[in-house]
Amino acid sequence: MTLQEMKEILDAEVIVGHDQLSLEVNRAGCADLMADVLFFGRPGMLLLTGLTTPDVVNTAHTLGVSAIIIVRGKLPPPETIRRAEELRIPLMTTQYILFETVGRLYTKGIISCMGKVEEPPPKGLAG
């Protein structure tokens, strides 16, 4: 699915990456803990998050994330937008909550970047 199609499905606003809307993305992941994104994420995935800090963009870049969609109508601050522009990572925002955003994309064919966690976390680190 292209970012343009996602934009339409989610009635999203493109903040960065107007010239990249033809980018195809087929897998996604969602988290507000960037440690989870680094651990469970995969290069090329779409990142769905409620965070708006520059750390989101930096983490996405480190992992090789294709694009970021911020949920709940949150708008990123200027420093986050600048970082996304510098790293050429498309950045959008949608009014939908995370659950609804995931559901809308899933029903249109976007799949998880990871099926399930195969091993339980060490004792005391369940999450």
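Guide: Ile111 is partly exposed, with a relative accessible area of 38%; buried would mean under 20%, exposed over 50%, with a 1.4 Å probe and protein chains only. This is a predicted model, where local features need pLDDT of at least 70 and side-chain atom pairs count only at pLDDT 80 or more, while totals for chains, interfaces and linings use all residues. Residues are numbered from 1 along each chain as its sequence is written, and side-chain values use heavy atoms, leaving out hydrogens and water.

Ile111 sits in strand E6, residues 111–112 (strands are DSSP runs of E, at least two residues, and helices runs of H or I, at least four, numbered from the N terminus). Together with Val102 and Tyr106, Ile111 forms a nonpolar patch on the surface, with about 280 Å² of accessible area. The areas come from the Shrake-Rupley method with a 1.4 Å probe; for residues, only the protein chains shown count as cover.

Now let's go inside. The largest nonpolar core has 18 residues, and Val37, Met45 and Leu47 are among those with the most contacts inside it; a core is a set of buried Ala, Val, Leu, Ile, Met, Phe, Trp, Tyr and Cys residues joined through side-chain atoms within 4.5 Å. Helix H3 gives the most to this core, with 4 residues.

Key. Patches are made of residues with over 30% relative accessible area and no salt bridge: like charges are joined within 9 Å, nonpolar side chains (Val, Leu, Ile, Met, Phe, Trp, Tyr) within 5 Å. A salt bridge is a side-chain nitrogen of Lys or Arg within 4 Å of a carboxyl oxygen of Asp or Glu.
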